[in-house]
Amino acid sequence: MTMLAADPVTDPAEENAAARRRSALVAGLVVCLAALGVVMLLSIGVGARNLSPATVWDALVHGRGGEAELIVRHLRVPRTAAGLLVGAALGLAGALMQALTRNPLADPGLLGVNAGAACAVVCAIAFLRITQPGAYVWFALLGAGVATVAVYLLGSGRGAASPVRLVLAGTAITAVLTGVISAVVLTNSIAFNGFRSWTVGSLQNVTASVVVQVVPFLAVGIVCALASGSALNAMALGDQLATALGARMARIRFLGIVTTTLLCGAATAVAGPITFVGLVVPHTVRAFTGPDNRWILPYSMVVGAILVLTSDVIGRVVLWPSELEVSVVTAVIGAPVFIQIVRRRRLAQL
Amino acid sequence: MTPPLPDQLRLGRRGLLSAMAGGAAAFAVQGCTNSALDDPSSTTSGSGASSGGASFPVTVEHRFGQTTIPAEPQRILALGQTDCDPLIALGITPIAIGSFAEKWYTPVHPWNEHGFGGAKPEEVSFVEIEFEKLAALQPDLITMVSGGISQGDYKTLSKIAPVVGPPKGYQDSAVPYGPHTVLIGQTVGREEEAKQIVADVDAKYDAVRQAHPEWDGLTTIHAESFTGAFDVLGRNAPRSTFLTSVGLALSPELDKLAGTQYSKEISAEQLDLVGDLDVVIWMTDPGAIADLQSNPVVSRLKVVEDGRSVWTTYVKTDEFMWSMDWNTVLSGPYAIDLGVPLLEDALAGKSPISAGND
C-alpha cells in the first residue's frame, strides 16, 4: 500500500546498507528496552524509605506483610506501572501528533487535549465536589474527548481538516478552556486547592486502582498508534501524493486524532499534565531513527517511558526524603537535552 | 486561627501576599500557647491605658509598626479570620467580619454566635480585600491581628481607618490565643480584661492536663490528606498547639521534618512515621473520610488499624476541627469540650469521627 513497500530495491549495495541499518535500529531498540528494565528496577528500589535491595526483592516476590510489603507492593509497584504507561503513552502521542500535523514542534497538547482534561477535572472538583483522584480519571478522559471533538469540528469547517486548521482550532479551544479554568479556580478556593495538586503532574500518589482503570484505554491507544506507522509515512509525502498512492488521508487523520486523545487523555488522567515528554522524545528519537514512523513510534514509546521513570526516580532522590514532582524533573532534564539536539544536529525533517 | 486548607492557600493567592508581608516575621516562636501573660512583644503606651480602663488615645505595636487609636472605637471591622472572637469575648460586636466569603465556609460558630445576637454578620473577604466595600462600611478601626495581609494592603487599609496588624514575632494564621486576645484588648482599651479572659482559658487547658495525667508524653500529630497527597502540621499550627495544650507531645521525627512550617508534605512511604504514634488526628475533604480510611496505605497503619485515630474534615459543621483551628479564647474551651471525649475514644481504640460529618 505504501510507497516504501512498493519501492523496488535492486542495487545489492543499497540492499546491504538497508539491512545494516535495520539491524542497527533493532539493536538500538533492544538497548533501550534493557535501559527501561534498569530504570523500572530503580523505581521499585528507590524511595523516601531506605530499604535494602534484598528487602525490596523479598517484599516484591514473597510479600511477607509489614512495612516493606506495604511500600513496595502498594506504593512503588503501582507508581512504576503508572510511570511506564504514562511515559509510553506520551511518547507515542507526541510522535503521532508530529507526524499528523507534519510539524516537528507539535506537542500532544496542541489539539486541546490537556486543556480539555484539566477543565473537566476543575469543574468536577468545583461543582460536583469530587475529591478522589480515582474519580478524576473519568472526567479527564471525558474532557479530553470533548475537547478533541470540538477541535475536529472547528478545524474541519468546509472540507477536510487540514493540519494547519486543526492546530489553529486547537489553540483557540485551549485559550477558551484555559479562561474557563482560571475563572472557576479563582472564584473557588476548594477547586483551587484540588486543582493545584492535580495540575502539578505527579506520580507520587497514584494508586493501583487508578492505573487499572486506564489500562484498557492505553492498550487500545498503544496498539492503534504502533499500527499506524506505514500510513503516517505515506502522509509525510503530502496530501496529494499520498492520496495518489491510495492512502485515505481523512481516515488516517481521524484515527490518529482519536488515538492521540486516548493516549493523552488517559496519561493526563493518571498523572496530571506532564508536558515536554511528547515534544522532546519523538524529536530526539528521530535524530537516530530517521524519518520512518514505523521506527519512530516504538522508539518514542520506549524512550518516553524511560524519560518519565528516570525523572520520577531523580525526583525522589534530589530532595530526599522529600520529593520533587515528575513533571518538574522532566522539564528540567528534558530542556537541556532538547536544546543540545537542536543546536548540534540538522533537524530531521518531516 | 487558620483557614482550613491554609498551606495550599498560603502558597497560592494569599500566600504570595503573606509571604511578602510576613517575610520579616516568618520566623518561629515556639510554645507560646499558654503564656500570653508574659508575652513581651506587645506593649501598650499612651496615656495610662495599661490600667485597663478605656483612656484614649491608645498606641499599640504590631508587625507593621505602631498604630494610634484616637478614641474608643465604635465601628470595628474584624478583618482577620478569627479576630471577631476576642472582640465578642470582650463584649464588642464588630460591624463586619473577615471570611473566605464562599459557600463552603462560615465564620459563625456555636462559640461566637451569641456575639451577633442572632443576626447574620456582614462578611467581607480577607482573601481578596475589597477596599471600596470596606471604606463604605465606615469603620473606625480595622483589626488584622490573626494575620494574612501584606504591607501594601496594610498601607492601603490604613487610609480607611487605623489598622492593627499581627503581634510581632508570630506567623500568619499561627498567632496563639494569648497574644491575639491581649493585642486586641489593648486596641480597644481593655487590656486587663483581656488578660483575665486568657488566664481563664489557660486554666481550662491546665484542668484537662490535670484530669489526664496519662496523656503526658503520648505522641501525636495532625495528618492531612487532600486529593491523594499527605501532609503533617508543624508545631506552630493552631491545631498542633491544641494537641500540645492538652498534654500530648508531637512526634519528634515529624516535628523535625515540619519544623516551624505551617504544614509539610510527606511521601506516602513516610506514613509509617504517622502510623507508629499513640494517637493521630486526620483531616481530609468533606465526605472523604471513608475514602481516606480505606486508602491502601492508610488502612494498614497501626494507629488506624488499632482505632487510635480521630477523623475530621473542613466541612463547616465539623465544629471540633474548626474550634481547634480557630484556637481563640472562645473556640478553645469549645474544642476542649468536643475534643477531650474524642481523644479518649480514640485512645480506647474506637476510631471516632468528629460530629458534623454526616
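Predicted model: local features only at pLDDT ≥ 70, side-chain atom pairs only at ≥ 80, totals over all residues.
User: Which element of chain A has the lowest mean pLDDT?

Analyst: Chain A as a whole has a mean pLDDT of 82, with 90% of its residues at 70 or more. Among its elements, the highest mean, 91, belongs to helix α14 (residues 293-318) of chain A. Over residues 1-6 of chain A, by contrast, the pLDDT is below 50, although this stretch has nine contacts in the model beyond near neighbours in sequence. The element with the lowest mean pLDDT, 48, is helix α1 (residues 3-6) of chain A.

User: What is the radius of gyration of chain A, and how does that value stand against a compact globule?

Analyst: Chain A contains 15 helices and zero strands, and its C-alpha atoms fill a box of roughly 65 × 50 × 35 Å along the principal axes. For 350 residues a compact globule would have a radius of gyration near 20 Å, which agrees with the value for chain A, 21 Å.

User: What percentage of the contacts in chain A with a separation of 6 or more comes from residues 24 or more positions apart?

Analyst: Of the 350 residues in chain A, 49% are buried. Among the contacts with a separation of 6 or more in chain A, the share contributed by residues 24 or more positions apart is 77%.

User: Which helix supplies the largest share of the side of chain A that touches chain B?

Analyst: The contact between the chains involves 26 residues of chain A and 24 residues of chain B. On the chain A side, α4 (66-101) and α8 (189-199) each supply at least two residues. The residues on this side divide into nine nonpolar, twelve polar and five charged. The largest share, eight residues, comes from α8(A).

User: Is helix α8 (residues 238-245) of chain B largely enclosed or largely open, and how many of its residues are buried?

Analyst: The buried residues of α8(B) are B:P238, B:R239, B:S240, B:T241, B:F242, B:L243 and B:S245. They pack against several elements of chain B, including α7 (191-211), β9 (219-226) and α14 (331-347). Because seven of its eight residues are buried, helix α8 of chain B is largely enclosed by the rest of the structure.

User: Which residue just after α8(B) takes a positive phi?

Analyst: The helix itself covers residues 238-245 of chain B. Just after α8(B), a positive phi of about 110° is taken by B:G247.

Note on methods. Residues numbered from 1 in each chain as written. Chains lettered and ligands numbered in written order. Buried ≥ 20, exposed ≤ 12 C-beta atoms within 10 Å, placed from the backbone. Helix = DSSP H or I, 4+ residues; strand = E, 2+ residues; numbered from the N terminus. Contact = placed C-beta atoms within 7 Å. Nonpolar A, V, L, I, M, F, W, Y, C, P; charged D, E, K, R; others polar. pLDDT = per-residue confidence, 0-100. Rg over C-alpha atoms; globule rule 2.2 N^0.38 Å.
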